[in-house]
Amino acid sequence: MPKITVKKRHVIRKSQISELLERLTGEIGASADLFRSDRIERVETDAPVGIYLVDKKPLLMGTDDWTFPTLRGLVEHPIPERRVVVDSGAVRFVANGADAMRPGIISISPDIRAGHPVQVVEERHGKPLAVGIALLDAADMEQQEKGKSVKSVHYVGDDLWNLEI
């Protein structure tokens, strides 16, 4: 992700908040309640994803199709859904923005759908390293022996991670 410049930010209406949380619930189920707030702001940037501030922290991101927690959101509110666990050998690469490759993946949650966001976590402590888009459904990913499984969108140390507002 290139350097993010904030153009403007504004509080979104209650109807937009409920629509946003509905999309989030579609992705992560009941865990969406962790991100419920009366004050959610939309930040207009030049980033390819929309950024939403929950209580002045960039905890959510999304497109027209999906909404998902940012890494900061996943660190503050860990969720069990949409997890791809990578072994310790892959941690360094994924944390630097590399896509998650099948040989480095040791576990896949069954709720993963192709084209939808997932969290990539490390095996030892379960800490999130990246948010990416699944290239395959969970069943197909289990069958896959090599190649890319998750395309990285946001990772530790990128501009969204370092975004100060």
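**Exercise 1.** Determine which residue of strand 5 stands opposite Met61.

*Solution.* Met61 stands opposite Phe68 in strand 5. Strands here are DSSP runs (E, at least two residues; helices are H or I, at least four), numbered from the N terminus. Next, consider the two strands: strand 4 (residues 57-62) and strand 5 run antiparallel and are joined by three bridges. Two strands pair if DSSP finds at least two bridges between them.

The model is predicted: local features need pLDDT of at least 70, side-chain atom pairs count only at pLDDT 80 or more, and totals for chains, interfaces and linings use all residues. Residues are numbered from 1 along each chain as its sequence is written, and side-chain values use heavy atoms, with hydrogens and water left out.

**Exercise 2.** Decide whether Ala100 is buried or exposed, and list its contacts.

*Solution.* Begin with the location: Ala100 is found in strand 7 (residues 100-101). Its relative accessibility is 2%, and buried means under 20% relative accessible area, exposed over 50%, partly exposed in between (1.4 Å probe, protein chains only). Ala100 therefore counts as buried. Finally, leaving aside neighbours within four places in sequence, Ala100 is in contact (heavy atoms within 4.5 Å) with Val94, Ile105, Gly147, Lys148, Ser149 and Val150.
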